[in-house]
Amino acid sequence: MQLSPVNIIDTGAAYTIHLYAPRLNKELFELTTQQDILSVKYKEEDQTDKSYYTRKEYRPDEIARSFDLKGKVEIDGIKASYSDGVLIIHLPKTEAAKKKAQSVNVS
């Protein structure tokens with residue numbers, strides 16, 4: 001199993017996860033949430049490529065990543081899309097998570 005790299009962006013109103021996963025079948029991605037954990041899995045059951053590789057680095061047959069949402073995400077609003085080899089997961093923030101930090105003056 002290969003650990004696919006991710007970028008996580010905080011837009012203020014939401015988080016967006018970009019998971020690098022080139023040349024994969026988008027129908028085989030499985031995204032689930034349980035106990036405030038987002039799990040992303042990908043597994044190819046039937047290997048159609050029967051070539052013998054001496055080295056194979058860029059095409060994962062299986063991916064598994066988990067993200068702790070820490071109560072900051074509206075679970076029902078999670079959306080995902082796959083484009084140009086990147087799985088994009090949109091995670092809208094809860095109202096409490098949208099609140100900005102406040103400065104405290106030191107006297």
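## Finding Glu-44

Where is the place of Glu-44? Look in the loop between strand E4 (37-43) and strand E5 (62-68). Keep in mind as you look around that this is a predicted model.

Is Glu-44 buried or exposed? With a relative accessible area of 14%, Glu-44 is buried, because the cut-off for buried is under 20%.

## A sheet of four strands

Now turn to the open sheet, where four strands run in the order E1-E2-E7-E6 with antiparallel pairing. At the edges stand strand E1 (6-10) and strand E6 (79-83). Each has a single partner strand, so one side of each is left without a neighbour in the sheet. From one strand to the next, the twist averages 15°.

In general, strands of a sheet pair through backbone hydrogen bonds. Here, E1 and E2 pair in the antiparallel sense, over five bridges. If you want a spot to check on screen, find Val-6, which stands opposite Leu-19 in E2.

## The second largest pocket

What volume does the second largest pocket have? The value is about 170 Å³. Its lining includes Ile-8, Tyr-15, Ile-17, Phe-67, Asp-68 and Leu-69, and Lys-70, Lys-72, Val-73 and Leu-91 are part of the lining too. Strand E2 (14-20) and E5 are the elements that give two or more residues to this lining.

Sort the lining by class and you get seven nonpolar residues, three charged ones and no polar ones.

Technical notes. Residues numbered from 1 in each chain as written. Predicted model: local features only at pLDDT ≥ 70, side-chain atom pairs only at ≥ 80, totals over all residues. Heavy atoms only, no water. Buried < 20%, exposed > 50% of the residue type's maximum accessible area, 1.4 Å probe, protein only. 1 Å grid on protein atoms, 1.4 Å probe; cavity = no way out; pocket = protein on both sides within 12 Å on 5 of 7 lines; lining within 4 Å. Points joined across faces, edges and corners; volume = space filled by probe spheres on them. Nonpolar A, V, L, I, M, F, W, Y, C, P; charged D, E, K, R; others polar. Pairing = 2+ DSSP bridges. Axes fitted to C-alpha atoms, helices over the stretch in contact; angles between N-to-C directions.
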